[in-house]
Amino acid sequence: MVTTLDERRARRVAEQVPDPELPMLTLADLGVLRDVEVRQDGTVVADLTPTYSGCPAMAEMRADVAARLRAAGFARVEIRTVLDPPWTTDWITPEGRRRLAEAGIAPPGAAPRRTGGPVPLQLSATRRAVACPRCGSSDTEETSRFSATSCKALWRCRSCLEPFEYVKEI
(Lines give C-alpha, C1' and ligand atoms only; values in the text may rest on other atoms or scores of the structure.)
Protein backbone atom coordinates (compact mmCIF):
# COMPACT_ATOMS: atom_id res chain seq x y z
CA MET A 1 0.00 0.00 0.00
CA VAL A 2 1.31 3.42 -1.01
CA THR A 3 1.26 6.13 1.64
CA THR A 4 1.58 9.89 1.59
CA LEU A 5 4.87 9.36 3.41
CA ASP A 6 6.18 7.28 0.46
CA GLU A 7 5.25 10.04 -1.95
CA ARG A 8 6.86 12.75 0.21
CA ARG A 9 10.02 10.68 0.56
CA ALA A 10 10.20 10.03 -3.20
CA ARG A 11 9.71 13.73 -3.90
CA ARG A 12 12.45 14.72 -1.40
CA VAL A 13 14.88 12.28 -3.03
CA ALA A 14 14.14 13.56 -6.55
CA GLU A 15 14.28 17.20 -5.44
CA GLN A 16 17.85 16.76 -4.21
CA VAL A 17 19.29 15.55 -7.54
CA PRO A 18 21.86 18.11 -8.77
CA ASP A 19 21.76 19.48 -12.29
CA PRO A 20 24.66 17.99 -14.29
CA GLU A 21 25.57 21.31 -15.93
CA LEU A 22 24.88 23.62 -12.98
CA PRO A 23 25.70 21.40 -9.98
CA MET A 24 25.07 24.18 -7.47
CA LEU A 25 21.38 23.76 -8.39
CA THR A 26 19.08 20.84 -7.86
CA LEU A 27 16.65 19.84 -10.58
CA ALA A 28 13.95 21.31 -8.34
CA ASP A 29 15.86 24.62 -8.07
CA LEU A 30 16.16 24.69 -11.85
CA GLY A 31 12.46 23.98 -12.26
CA VAL A 32 12.90 20.95 -14.53
CA LEU A 33 11.52 18.51 -11.93
CA ARG A 34 7.82 18.96 -12.55
CA ASP A 35 6.14 16.26 -10.50
CA VAL A 36 6.76 13.10 -8.49
CA GLU A 37 4.04 10.61 -7.69
CA VAL A 38 3.88 7.07 -6.38
CA ARG A 39 1.31 4.87 -8.11
CA GLN A 40 -0.69 2.26 -6.23
CA ASP A 41 1.63 -0.49 -7.54
CA GLY A 42 4.60 1.32 -5.92
CA THR A 43 6.05 2.72 -9.15
CA VAL A 44 7.56 6.17 -8.69
CA VAL A 45 6.85 8.42 -11.64
CA ALA A 46 8.97 11.56 -11.96
CA ASP A 47 8.21 14.16 -14.63
CA LEU A 48 11.05 16.25 -16.07
CA THR A 49 10.89 19.08 -18.56
CA PRO A 50 14.04 19.80 -20.60
CA THR A 51 15.34 23.34 -20.51
CA TYR A 52 15.24 23.43 -24.30
CA SER A 53 14.70 21.08 -27.22
CA GLY A 54 17.66 18.77 -27.61
CA CYS A 55 19.18 19.55 -24.20
CA PRO A 56 22.21 17.22 -24.01
CA ALA A 57 21.95 16.92 -20.22
CA MET A 58 18.45 15.40 -20.30
CA ALA A 59 19.65 11.79 -20.52
CA GLU A 60 21.90 12.31 -17.52
CA MET A 61 19.12 14.01 -15.56
CA ARG A 62 16.79 11.09 -16.22
CA ALA A 63 19.44 8.55 -15.23
CA ASP A 64 20.41 10.47 -12.07
CA VAL A 65 16.82 10.79 -10.83
CA ALA A 66 16.15 7.10 -11.49
CA ALA A 67 19.38 6.01 -9.79
CA ARG A 68 18.75 8.15 -6.70
CA LEU A 69 15.19 6.87 -6.36
CA ARG A 70 16.31 3.25 -6.72
CA ALA A 71 19.10 3.80 -4.18
CA ALA A 72 16.44 5.14 -1.78
CA GLY A 73 14.61 1.82 -2.02
CA PHE A 74 12.08 2.47 -4.77
CA ALA A 75 12.35 -0.60 -7.01
CA ARG A 76 10.13 0.58 -9.86
CA VAL A 77 10.89 4.00 -11.31
CA GLU A 78 9.55 5.68 -14.44
CA ILE A 79 10.92 8.99 -15.68
CA ARG A 80 8.67 10.86 -18.07
CA THR A 81 9.59 13.81 -20.27
CA VAL A 82 6.94 16.52 -20.19
CA LEU A 83 7.12 19.12 -22.96
CA ASP A 84 3.96 21.12 -22.35
CA PRO A 85 4.13 23.73 -21.06
CA PRO A 86 7.71 24.33 -22.18
CA TRP A 87 10.32 25.16 -19.53
CA THR A 88 11.24 28.77 -18.93
CA THR A 89 13.96 30.38 -16.84
CA ASP A 90 11.11 31.89 -14.81
CA TRP A 91 10.80 28.42 -13.22
CA ILE A 92 14.20 28.77 -11.53
CA THR A 93 13.38 29.16 -7.84
CA PRO A 94 14.51 32.17 -5.78
CA GLU A 95 16.84 29.76 -3.95
CA GLY A 96 18.23 28.61 -7.30
CA ARG A 97 18.83 32.20 -8.39
CA ARG A 98 20.62 32.89 -5.11
CA ARG A 99 22.81 29.81 -5.55
CA LEU A 100 23.71 30.83 -9.11
CA ALA A 101 24.81 34.26 -7.93
CA GLU A 102 26.79 32.75 -5.04
CA ALA A 103 28.59 30.56 -7.58
CA GLY A 104 29.51 33.63 -9.64
CA ILE A 105 26.89 33.05 -12.36
CA ALA A 106 24.46 35.88 -13.10
CA PRO A 107 20.89 34.57 -12.89
CA PRO A 108 18.45 35.34 -15.68
CA GLY A 109 15.93 38.14 -15.64
CA ALA A 110 12.29 37.68 -16.60
CA ALA A 111 11.82 35.41 -19.59
CA PRO A 112 10.36 36.82 -22.80
CA ARG A 113 6.62 36.27 -23.12
CA ARG A 114 5.44 33.84 -25.77
CA THR A 115 1.97 33.65 -27.24
CA GLY A 116 1.96 29.87 -27.61
CA GLY A 117 3.17 27.41 -30.14
CA PRO A 118 6.56 25.73 -30.13
CA VAL A 119 9.47 27.17 -28.19
CA PRO A 120 11.85 28.89 -30.60
CA LEU A 121 15.17 27.08 -30.90
CA GLN A 122 17.04 30.39 -30.88
CA LEU A 123 17.64 31.62 -27.35
CA SER A 124 16.51 35.12 -26.54
CA ALA A 125 18.69 38.14 -27.04
CA THR A 126 20.77 39.09 -24.06
CA ARG A 127 19.60 41.82 -21.71
CA ARG A 128 21.31 45.19 -22.04
CA ALA A 129 22.48 45.27 -18.42
CA VAL A 130 23.58 42.18 -16.54
CA ALA A 131 24.69 42.81 -12.98
CA CYS A 132 28.04 41.34 -12.00
CA PRO A 133 27.40 38.51 -9.51
CA ARG A 134 30.71 39.29 -7.79
CA CYS A 135 30.52 43.06 -7.15
CA GLY A 136 26.98 43.99 -8.24
CA SER A 137 28.04 46.52 -10.87
CA SER A 138 25.87 46.86 -13.97
CA ASP A 139 28.86 48.15 -15.94
CA THR A 140 29.31 44.82 -17.74
CA GLU A 141 29.77 43.59 -21.29
CA GLU A 142 29.14 40.38 -23.16
CA THR A 143 32.36 38.77 -24.40
CA SER A 144 30.87 35.63 -25.96
CA ARG A 145 27.26 34.75 -26.80
CA PHE A 146 27.91 31.15 -25.73
CA SER A 147 29.65 29.62 -22.75
CA ALA A 148 30.14 26.03 -21.55
CA THR A 149 26.48 25.41 -22.38
CA SER A 150 24.30 27.10 -24.98
CA CYS A 151 21.99 28.46 -22.27
CA LYS A 152 24.80 30.60 -20.81
CA ALA A 153 26.87 33.50 -22.16
CA LEU A 154 30.24 34.88 -21.06
CA TRP A 155 30.37 38.39 -19.63
CA ARG A 156 33.00 40.62 -18.04
CA CYS A 157 32.60 43.27 -15.40
CA ARG A 158 34.24 46.58 -16.26
CA SER A 159 34.32 47.57 -12.58
CA CYS A 160 36.00 44.56 -10.93
CA LEU A 161 37.34 43.17 -14.26
CA GLU A 162 36.16 39.66 -13.39
CA PRO A 163 34.66 37.40 -16.05
CA PHE A 164 31.40 35.61 -15.26
CA GLU A 165 28.77 33.45 -16.87
CA TYR A 166 25.19 34.57 -17.30
CA VAL A 167 22.13 32.31 -17.68
CA LYS A 168 20.15 33.58 -20.67
CA GLU A 169 16.41 34.11 -20.42
CA ILE A 170 14.44 31.40 -22.15
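The following conversation goes through several features of a predicted model.

Visitor: What kind of model is this, and how are residues numbered?
Guide: It is a predicted model, in which local features need pLDDT of at least 70 and side-chain atom pairs count only at pLDDT 80 or more, while totals for chains, interfaces and linings use all residues. Residues are numbered from 1 along each chain as its sequence is written, and side-chain values use heavy atoms, with hydrogens and water left out.

Visitor: What is the strand order in the open sheet of 3 strands?
Guide: The order is E1-E2-E3, with mixed pairing. Strands (E, at least two residues) and helices (H or I, at least four) are DSSP runs numbered from the N terminus, and two strands pair if DSSP finds at least two bridges between them.

Visitor: Which strands stand at the edges?
Guide: Strand E1 (33-38) and strand E3 (77-81) do; each has a single partner strand, so one side of each is left without a neighbour in the sheet. From one strand to the next, the twist averages 15°.

Visitor: In which sense do E2 and E3 pair?
Guide: Strand E2 (residues 44-48) pairs with E3 in the parallel sense, over 5 bridges.

Visitor: Which helices pack on the sheet?
Guide: Helix H1 (residues 4-15) packs on it and touches E1 and E2, its direction making about 150° with that of E1. Helix H3 (residues 58-71) also packs on the sheet, touching E2 and E3, and its direction makes about 155° with that of E3. Contact here means heavy atoms within 4.5 Å; axes are lines fitted to C-alpha atoms, for helices over the stretch in contact, and angles run from 0 to 180 degrees between N-to-C directions.

Visitor: Let us turn to Asp47. Is it buried or exposed?
Guide: Asp47 is buried, with a relative accessible area of 8%. Buried means under 20%, exposed over 50%, and partly exposed in between, using a 1.4 Å probe and protein chains only.

Visitor: What stands opposite Asp47 in E3?
Guide: Asp47, which is found in strand E2, stands opposite Arg80 in E3. The side chains of Asp47 and Arg80 are joined by a polar contact of 2.7 Å. A polar contact is a pair of N or O atoms within 3.5 Å; within protein, one must be able to donate a hydrogen and the other to accept it, and residues adjacent in sequence count only if both atoms are side-chain atoms.

Visitor: New topic: how many disulfides are there?
Guide: A search of the whole structure finds 0 disulfides, a disulfide being a pair of cysteine sulfur atoms within 2.5 Å. The sulfur of Cys132 is 3.8 Å from the closest cysteine sulfur, in Cys160, which is too far for a bond.

Visitor: And what about Cys135?
Guide: Cys135 is in no disulfide, and the nearest cysteine sulfur, that of Cys157, is 3.6 Å away. Cys135 counts as partly exposed, at 42% relative accessibility, whereas Cys132 is buried at 3%.

Visitor: Where is Pro85, and what is the peptide bond from Asp84 like?
Guide: Pro85 lies in the loop between E3 and helix H4 (94-102). The peptide bond from Asp84 to Pro85 is cis, with omega near 0°. Most peptide bonds are trans.
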